[in-house]
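Here is a friendly walk through one protein chain, written for someone who likes to know the cut-offs behind each term. Have the viewer open and follow along.

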Amino acid sequence: MKLESGNILRSVSSGGMRFTGHCGIVMVDDNGTVWVLHNTPEAGHPIMQLYDEYAAHRPTMAVLPYTASNERIMQYYEANKDKRFSLFGFNCERFAYGLYGIKNSPTIQKRLLEISVFVLIYLLLKK
């Protein structure tokens with residue numbers, strides 16, 4: 001699998017939030033070293049991690065073909081590295097997709113829709 005700067009990795013989540021998965025931004029430096037920038041509940045804020053270290057705990061399920069320059073990625077990281085992780089406010093998806101101006105977390109939106117449908121069905125069947 002060839003990774004390019006700006007790709008978004010969709011991965012298996014480590015830790016207690018397995019139902020959500022995890023994602024991060026790929027950055028390949030001038031030496032060919034692959035980094036993943038991701039917002040993790042374990043650290044509590046966005047971090048940069050070597051891909052091999054990241055993948056050892058979060059196997060990659062998908063690579064989304066977004067691309068961006070390393071300069072843009074680093075500017076985005078610097079602007080967000082001190083923001084605190086929040087499941088609903090600033091999670092891994094909001095961090096990763098935020099590089100591209102996407103402000104909502106697709107997984108959280110999906111889970112909220114699923115819960116809404118479940119509640120609606122429950123209320124309809126309850127009568």
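## Salt bridges

How many salt bridges does the structure hold? There are 3 salt bridges, a salt bridge being a side-chain nitrogen of Lys or Arg within 4 Å of a carboxyl oxygen of Asp or Glu. Before we visit them, please note that this is a predicted model, in which local features need pLDDT of at least 70 and side-chain atom pairs count only at pLDDT 80 or more, while totals for chains, interfaces and linings use all residues. Residues are numbered from 1 along each chain as its sequence is written, and side-chain values use heavy atoms, with hydrogens and water left out.

R58 is buried at 5% relative accessible area, whereas E42 is partly exposed at 48%. K81 pairs with E78, with the closest N and O atoms 2.9 Å apart; K81 is partly exposed at 27% relative accessible area, and E78 is partly exposed at 43%.

## Layout of the chain

The chain has 4 helices and 5 strands, which are DSSP runs numbered from the N terminus (helices: H or I, at least four residues; strands: E, at least two). From the N terminus on, the order is β-β-β-β-α-β-α-α-α. Of the 127 residues in the chain, 37% are buried. Contact means heavy atoms within 4.5 Å, and among contacts between residues at least 6 apart in sequence, 56% join residues at least 24 apart.

## How the strands pair

Two strands pair if DSSP finds at least two bridges between them. Strand 1 runs antiparallel to strand 2, with 4 bridges joining them, and L9 has G24 in strand 2 as its bridge partner. Strand 1 also pairs with strand 5 in the antiparallel sense over 4 bridges, where the bridge partner of I8 is L64. Both faces of strand 1 are covered: I8 and R10 on one side, and L9 and S11 on the other, are all buried.

Strand 3 (residues 34–40) and strand 4 (residues 45–50) run antiparallel and are joined by 6 bridges, with M48 in strand 4 as the bridge partner of L37. These two strands form a hairpin with 4 residues between them, and G44 in the turn has a positive phi of about 90 degrees.

## Nonpolar cores

In soluble globular proteins, nonpolar side chains tend to be buried together. A nonpolar core is a set of buried Ala, Val, Leu, Ile, Met, Phe, Trp, Tyr and Cys residues joined through side-chain atoms within 4.5 Å. Which residues have the most contacts inside the largest nonpolar core? They are I8, C23, I25, L37, I73, F95 and L99, in a core of 16 residues. Strand 2 (22–28), helix 2 (70–80) and helix 3 are the elements that give two or more residues to this core, and helix 3 supplies the largest share, 4 residues.

Leaving aside its neighbours within four places in sequence, L99 is in contact with I25, A68, R72, I73 and Y76.

## A buried loop residue

N91 is found in the loop between helix 2 and helix 3. Is N91 buried or exposed? N91 is buried, with a relative accessible area of 5%. The C-alpha atoms of N91 and C23 are separated by 9.4 Å, although the two residues are 68 apart along the chain.

Definitions and conventions:
Buried < 20%, exposed > 50% of the residue type's maximum accessible area, 1.4 Å probe, protein only.
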